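Me: Hey, I've just opened this one and could use a hand finding my way around. Can we go through it bit by bit?

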Amino acid sequence: MRFLPTAEQRDFTRSLDALLTAADTPSAVRSWSAGDPGPGRALWARLADAGVFALAAPEAQDGMGRLPVELALAYRELGRHAMPGPLVETAATTALLSHLADAGDPAPAKRLLPGLLTGESVVTLGVPGGGGYVLDAEGADVVLVVTAGVDGPELRVAPGHGPVHPSLDPARRLARPDPGGELLAAGPLLAEAVGCAVRWARLAAAAQAVGVAEELLRRTVAYVKQRTQFGVPIGSFQAVKHRLADTLLAVEFARPLVYGAALTLAPGDLAAAKAAAGEAAYAASRAALQLHGAIGYTEELDLSLWLRKARPLRDAWGTPTECRAEVLAAHA
């Protein structure tokens, strides 16, 4: 099967590429990493105007009508440009609130979705299995946390958060949400909504990882054509060609899995896509670091912005080991 976007989808991704290219995303990433979300928030609002954050919401909630393929295409572009912020968590929150509304509990969606879809508010989300941390709590207007309650899971608005800790990716700032807070939903309906949120989060994370892998590969190919050794470009060396070919194969294998998972939203397909995309991004980062040599370790080089995203994206919302186990269980 060939996965080819429609003309409308291609126009959408080209418009996002143009928007992010003109916005000097690396500068926004560095500001976000330093604790200044201003430039990133401004770009966030422009992405919301383009409809990016409405792709996981139904039309009844003023969304675009739940478009997983378009979301995958959009998040691939966000990965290619290293866009900072709780992007995956935004998709997961939208899916969670929309599912609750469809199941008969519309109050949380009516309260939080309008600002989320328009970009006026940034929402981050923590679910069980995330190690107790939430992403970008200091830059978010609302911190939602799903915790285990007496009668099942509970969705609460965290009243605050603890100290902010840097992660492997400086633009992914982590904090523990304070306990307690206002209760928004609980019980079996919430458990189903969390499952829906995890599926959309895995799709978004996998697509973003593919975009990161593609940009790392593009930058590395350009570099090995320029860097010379023994009077010739190092890209002419057989060992370098083999390393880049292996990276390209990993990316080309992951991309259709992501698009296939977007078409089905089946848990097994999403787990396979997440595992393959995460491993492709990590392989691309290792190849980029090795082939750039010592300069690849420097923070001043924009390459570092993508290098540091690969490993966290690989493990977020399901490590490769967890995802492979789910794929095996789905086909048992």
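Predicted model: local features only at pLDDT ≥ 70, side-chain atom pairs only at ≥ 80, totals over all residues.

Me: Which residues of H6 are buried?
Reply: H6 runs over residues 107-118, and its buried residues are Pro108, Ala109, Leu112, Leu113, Gly115, Leu116 and Leu117.

Me: What do those buried residues pack against?
Reply: The buried residues of H6 pack against helices H3 and H5. They also pack against three strands: S1 (123-126), S3 (142-149) and S6 (182-186).

Me: Back to H5. How many residues does it have, and what does it reach from first C-alpha to last?
Reply: H5 has 16 residues and reaches 23 Å from its first C-alpha to its last. That is close to the 22 Å expected at 1.5 Å a residue.

Me: Is H5 mostly covered or mostly open?
Reply: Mostly covered, with 14 of the 16 residues in H5 buried.

Me: How do H4 and H5 sit relative to each other, what's the angle?
Reply: H4 is residues 68-80 and H5 is residues 87-102; their axes cross at roughly 160 degrees and come within 11 Å. That angle makes H4 roughly antiparallel to H5. The crossing is right-handed.

Me: Which residues make that contact?
Reply: From H4 you have Leu71, Tyr75 and Leu78, and from H5 there are Leu87, Val88 and Ala91. By class, the contact of H4 with H5 has six nonpolar residues, no polar and no charged.

Me: Now H1 and H3. At what angle do they pack?
Reply: H1 (residues 7-22) and H3 pack at about 165 degrees, with the axes 11 Å apart. So H1 is roughly antiparallel to H3, and the crossing of H1 and H3 is right-handed.

Me: Which residues meet there?
Reply: On the H1 side, Leu16, Leu19 and Leu20 meet Leu43, Arg46 and Leu47 in H3. The contact of H1 with H3 divides into five nonpolar, no polar and one charged.

Me: What about H8 and H9, how far apart are their axes?
Reply: The axes of H8 (residues 238-264) and H9 (residues 267-292) are 8 Å apart, and the two helices pack at an angle of about 155 degrees. That makes H8 roughly antiparallel to H9.

Me: Is the crossing of H8 and H9 left-handed or right-handed?
Reply: Left-handed for H8 and H9. Their contact has 19 nonpolar, three polar and three charged residues.

Me: Changing topic: what is the phi of Arg66?
Reply: Arg66 has a positive phi of about 55 degrees, although it is not a glycine. Most residues other than glycine have a negative phi.

Me: Where is Arg66?
Reply: Arg66 is in the loop between H3 (38-49) and H4. Arg66 counts as partly exposed because its relative accessibility is 30%.

Me: And what about Trp317, what is its phi?
Reply: The phi of Trp317 is near 55 degrees, which is a positive value in a residue other than glycine. Trp317 is in the loop between H10 (303-315) and H11 (320-330).

Me: Why does Trp317 count as buried?
Reply: The relative accessibility of Trp317 is 16%, and buried means under 20%.

Me: While we're around H10, how does Lys309 count, buried or exposed?
Reply: Lys309 lies in H10 and counts as buried, at 5% relative accessibility.

Me: What is Lys309 in contact with?
Reply: Leaving aside neighbours within four places in sequence, Lys309 is in contact with Ala82, Met83, Asp169, Ala171 and Val212.

Me: Last one, where is Cys196 found?
Reply: Cys196 is found in H7, residues 188-226. Cys196 is buried, with a relative accessible area of 9%.

Me: What does Cys196 touch?
Reply: Not counting residues up to four places away in sequence, Cys196 touches Ala95 and His99.

Me: And how far is Cys196 from Ser98 in space?
Reply: Cys196 and Ser98 are 9.5 Å apart, C-alpha to C-alpha, while in sequence they are 98 residues apart.

Conventions. Residues numbered from 1 in each chain as written. Heavy atoms only, no water. Axes fitted to C-alpha atoms, helices over the stretch in contact; angles between N-to-C directions. Helix = DSSP H or I, 4+ residues; strand = E, 2+ residues; numbered from the N terminus. Parallel < 35°, antiparallel > 145°, perpendicular 65-115°, else oblique. Left-handed = near helix turned anticlockwise from the far one by under 90°. Contact = heavy atoms within 4.5 Å. Nonpolar A, V, L, I, M, F, W, Y, C, P; charged D, E, K, R; others polar. Expected span 1.5 Å × (residues − 1). Buried < 20%, exposed > 50% of the residue type's maximum accessible area, 1.4 Å probe, protein only.
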